[in-house]
Amino acid sequence: MSTATGRMTSKQAWTLGLASLASFMMALDSLVVTTALSTIRADLAASVEQLEWVVNAYNLTFAALLLTGAALGDRFGRRKVFATGLALFTAASVACALAPDVVFLIVSRAAQGAGAALVLPLSLTLVTAVFPPQVRGRAMGLYLGLTGLATFSGPFIGGAIAQGLAWQWIFWLNLPVGVVAILLATRRVDESTGPNDKLDLGGLALVTLGAFGVIWALVRGNAAGWGSVEVVGSAVVGIVLVVSFVRHERRTPRPMVPMGLFELRAFATANPANFLVFASLYGTMFFLAQYFQLVKGHGPLVAGLMLMPWTGTLMVCAPIAGRLVDRVGERRFVVGGLFLQAVGMAWIAVVVDADTSYLEILPALVVGSVGITAAMPAAQKAVVGAVPPQRIGQASGVFMMLRMFGGVFGTSVSVAVFGAAGGYATAAQFSDGFSASMTAVAALAFAGTAIGLAMPGRRPAPADVPTPADEVPAG
């Protein structure tokens, strides 16, 4: 985007559009699956635990491989790995659509997550690399706004497909979009590599296995028991491996994640704040559609329509928030946004019961959604703006990994609290559990508000920085 005219160049427009399209695929797929779970359960005779894995298998491989995706892009070419990830995601989507049983579907969903882990950190890297710092917040706002179209339409599309067509079409939709995105990416996006000319295999192994162990414990905690040998052992092994990864990165001459990045105040505070943004968001999403269906008695289509005022706020407000962040700084938006999310979810926790009308909770949903929308682009800009341009790929990988960790953590906390306070036997019981889970979600958002206060205040946008020597053009 030219700082003089405020208009995007052709290269910037194509890069932003294709990165947003790829992110659109990932967001849409996640949401439509959630709204179609009841249909999948009936068709494949799946148990409740198997349905949980239909969702969590994706998140598990996604989060565990995010840093690997960013490292591979830096080493072998960001455009090349981005396109490879799109191909894997698209092929795995076809496998999901053809799944003859729920086990095959779960394995295919895991492959989808692996593809997404190659795509999403590099989509953010590609966008930040072609936009100068002065307008990067606006570009990220557009990126999130275009991605928000999937968030806005996902519940409706999922409900319409589940109720009117067949659930397999959720996955068939990715085939034409994926093919077009791959073809355009190879022609319209410039190739580049990052600072690492040697792949850190030891670091990759440690962080991948460590992340897998921690996420496995979070996912399995409710089913196996938080004090079980499986969960405690997995968590301990995962934490030990993550600590070993940190020690390894401090010693290796070419680290995959330079630990010095965490000495940067903006990087060290915006990342955990964003972790709690997505913990609160995913914790809300897991039960909201179920409330409309199980308590209010609506079908998937109507439940999807009821979610659209909440999800639609992201598409409308994200570009606005992105532009304002460039002017006033990131901290105000992260702190204010998380505070609004805490207020909105606490509001729902207080008023919701089996007899609560939709109009009674709609204002709270909008307040929370505005807050989430304000916080997300600000946290992203703070993270990538804190690091040198040649480290953006590595910073993006850390950011995306912690974002997915936040989603898994928020869902696990929400489900655990729900199980302790309510259940599925009656509408009243579900409402009790839902209210308790929204209290937990509000607490997560409030914790993020406190962390956000430690972020640095408004910083002047640095001057355009030329591409450094180790950010090697390859195309």
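The legends below describe close-up views of a predicted model.

**View 1. Confidence along the predicted chain.**
Across the protein the pLDDT averages 79, and 85% of the residues score at least 70. Among the elements of the protein, the highest mean pLDDT, 92, belongs to helix H4, which covers residues 78-97, whereas the lowest, 68, belongs to helix H6, which covers residues 133-164. Over residues 460-475 the pLDDT is below 50, although this stretch still has 28 contacts in the model beyond near neighbours in sequence.

Arginine 79 lies in helix H4, the element with the highest mean pLDDT. Although arginine 79 and valine 189 are 110 residues apart in sequence, their C-alpha atoms are 6.8 Å apart in space.

**View 2. The largest nonpolar core and phenylalanine 292.**
The largest nonpolar core of the model has 131 residues, and those with the most contacts inside this core are Leu86, Leu105, Phe292, Ile348 and Phe434. Helix H11, made of residues 265-295, gives the most to this core, with 14 residues. In soluble globular proteins, nonpolar side chains tend to be buried together. When residues up to four places away in sequence are not counted, phenylalanine 292 touches Gly297, His298, Ala303, Met306, Leu307, Tyr358, Ile361 and Leu365.

**View 3. Serine 414, a buried residue of helix H15.**
Serine 414 is found in helix H15, which runs over residues 392-421. Its relative accessibility is 0%, and because buried means under 20%, serine 414 counts as buried. Leaving aside residues up to four places away in sequence, serine 414 touches Gly283, Phe287, Ser437 and Val441.

Helix H13, covering residues 330-351, supplies the largest share of the patch, namely 3 residues. Valine 343 is located in helix H13, and the relative accessibility of valine 343 is 35%, so that this residue counts as partly exposed.

How values were computed
Residues are numbered from 1 along each chain as its sequence is written. This is a predicted model: local features need pLDDT of at least 70, side-chain atom pairs count only at pLDDT 80 or more; totals for chains, interfaces and linings use all residues. Side-chain values use heavy atoms; hydrogens and water are left out. Helices (H or I, at least four residues) and strands (E, at least two) are DSSP runs, numbered from the N terminus. Buried means under 20% relative accessible area, exposed over 50%, partly exposed in between (1.4 Å probe, protein chains only). A nonpolar core is a set of buried Ala, Val, Leu, Ile, Met, Phe, Trp, Tyr and Cys residues joined through side-chain atoms within 4.5 Å. Contact means heavy atoms within 4.5 Å. pLDDT is the predictor's confidence in each residue, from 0 to 100.
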